[in-house]
Amino acid sequence: MATNPMHQFTVHRMGPEIKIANIDLSFTNASLFMAISAFSIFIFLFLGTKEKKLIPGKLQLISEMFYNFVAKMISDTAGSKAKPYFPFIFSLFMFILFCNMIGMLPYSFTVTSHIIVTLVLAIFIFVAVTIIGFMKHGIGYLKLFVPSGVPALLLPLITVIEIISYLSRPVSLSVRLFANMMAGHTMLKVFGGFVISLGLLGGWLPLGFSVALTGLEILVAFLQAYVFAILTCIYLNDALNLHH
Amino acid sequence: MFYNKDFKTRLKIAKSKLKKNFDTEEEKRGSYMGFAFKLGTDLVAAVAVGTIIGFILDSWFGTKPWLIIIFFFLGAIAGILNVIRTANRMQEKD
């Protein structure tokens, strides 16, 4: 069981079973690691912004770097109109980044390797962006599905294609994060298993691969958080500045 | 007063320098890699969504195999459209 590469993804209950109206609301290891991520973000930013020095210390420097990074990302992709949504995108980015990074620690659990977690995040963004679009442009938001300069004959076909393209957003957003995290962690475990089974003689090669893969996984963990956040910005941009 | 002014001009110069090399090669490569991750899933997700819509519409109207076939191809077109849009966005950034 310990060598099963998928065993690391099992969700198990911790503590007593809580059931409300047939819905299992027990505290699981997934909830524990979500809480750990949220709490470590809080601690990190709290310590980073406690002493507001002109010449920043290490923690302050890193937290200011994150702030600048997200602020630049929003202004580059969605313009100044998206400024009010900074807190949302910043918390989204930090949460996914910390979930991914904490998942890289040995004996930990990767929350984002479960499609239900990423799908809920993606559907929330999808619904929120759609509501924002309708609030800003009214019924004119539907123009997103009707590109200008298309012959009338092709218009129904193009509209259907645009609607499919729009609906595919949450799917691709969630599947990308989930698949990357799950594939990476499975691969790490498989190579780790090779080290044990090949023993002292042949185990060095997969060990080297494991080290290289760990580096790659840290890159992917950061990149996936970045992609998730920047795509949220791009979708926000579509909703705020309607042009096609 | 003089010192203050001096500091402000120095800050201005430093800021303009910062703006110049804001988009370093490393940063660009990172964002391109992000877009590359986007391309693959976008193509597949649109096909999947199209097929699911076709399946649902089929069971609504009882036109069993036809709508799923049509919507599969429409999904494929939507996926290619997604990829072309992402590629255009990457070129704009350059």
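**Figure 1. Helix H3 of chain A.** H3(A) has 18 residues and reaches 25 Å from its first C-alpha to its last, close to the 26 Å expected at 1.5 Å a residue. The expected span of a helix is 1.5 Å times one less than its number of residues. Helices (H or I, at least four residues) and strands (E, at least two) are DSSP runs, numbered from the N terminus. The structure is a predicted model, in which local features need pLDDT of at least 70 and side-chain atom pairs count only at pLDDT 80 or more, whereas totals for chains, interfaces and linings use all residues. Residues are numbered from 1 along each chain as its sequence is written, and chains are lettered from A and ligands numbered from 1 in the order in which they are written. Among the buried residues of H3(A) are Ile89(A), Phe90(A), Phe93(A), Met94(A) and Gly103(A). A residue is buried if 20 or more other C-beta atoms lie within 10 Å of its own, exposed if 12 or fewer, and partly exposed in between, with C-beta atoms placed from the backbone. The buried residues of H3(A) pack against H1, H2, H5 and H6 of chain A.

**Figure 2. Phe93(A) and the largest nonpolar core.** The largest nonpolar core has 53 residues, and those with the most contacts inside it are Phe93(A), Ala225(A), Phe228(A), Ala229(A) and Cys233(A). A nonpolar core is a set of buried Ala, Val, Leu, Ile, Met, Phe, Trp, Tyr and Cys residues joined through C-beta atoms within 7 Å. Two or more residues of this core come from each of H1 (29–48), H2 (58–77), H3 (86–103), H4, H5 and H6 of chain A, and from each of H2 and H3 of chain B. H6(A) gives the most to this core, with 13 residues. Leaving aside its neighbours within four places in sequence, Phe93(A) is in contact with Val70(A), Ala225(A) and Ala229(A). Two residues are in contact if their C-beta atoms, placed from the backbone, lie within 7 Å.

**Figure 3. The pair of helices H5 and H6 in chain A.** The axes of H5(A) and H6(A), the latter spanning residues 204–240, come within 9 Å and cross at roughly 170°. H5(A) and H6(A) are therefore roughly antiparallel to each other. By class, their contact has 19 nonpolar, seven polar and three charged residues. Axes are lines fitted to C-alpha atoms, for helices over the stretch in contact, and angles run from 0 to 180 degrees between N-to-C directions. Angles under 35 degrees count as roughly parallel, over 145 as roughly antiparallel, 65 to 115 as roughly perpendicular and the rest as oblique. Ala, Val, Leu, Ile, Met, Phe, Trp, Tyr, Cys and Pro count as nonpolar, Asp, Glu, Lys and Arg as charged, and the others, Gly among them, as polar.

Figure 4. Tyr107(A) lies in the loop between H3 and H4 of chain A. Although it is not a glycine, Tyr107(A) has a positive phi of about 65°. Tyr107(A) is exposed, because 5 other C-beta atoms are within 10 Å. Leu61(A) is placed in helix H2 of chain A and counts as exposed, with 12 C-beta neighbours inside 10 Å. The C-alpha atoms of Leu61(A) and Thr49(A), twelve residues apart along the chain, are separated by 9.4 Å. Leu142(A) belongs to the loop between H4 (115–137) and H5 (155–202) of chain A. Leu142(A) is partly exposed, because 13 other C-beta atoms are within 10 Å.

**Figure 5. The contact between chain B and chain A.** Chain B supplies 19 residues to the contact and chain A supplies 15 residues. On the side of chain B that touches chain A, H2 (25–61) and H3 (64–93) of chain B each supply at least two residues. H2(B) gives the most to this side, with 13 residues. By class, this side of chain B has eleven nonpolar, six polar and two charged residues. Chain B has three helices and zero strands, and 18% of its 94 residues count as buried.

Figure 6. Chain A has six helices and two strands, which run β-β-α-α-α-α-α-α from the N terminus on. Of its 244 residues, 28% count as buried.
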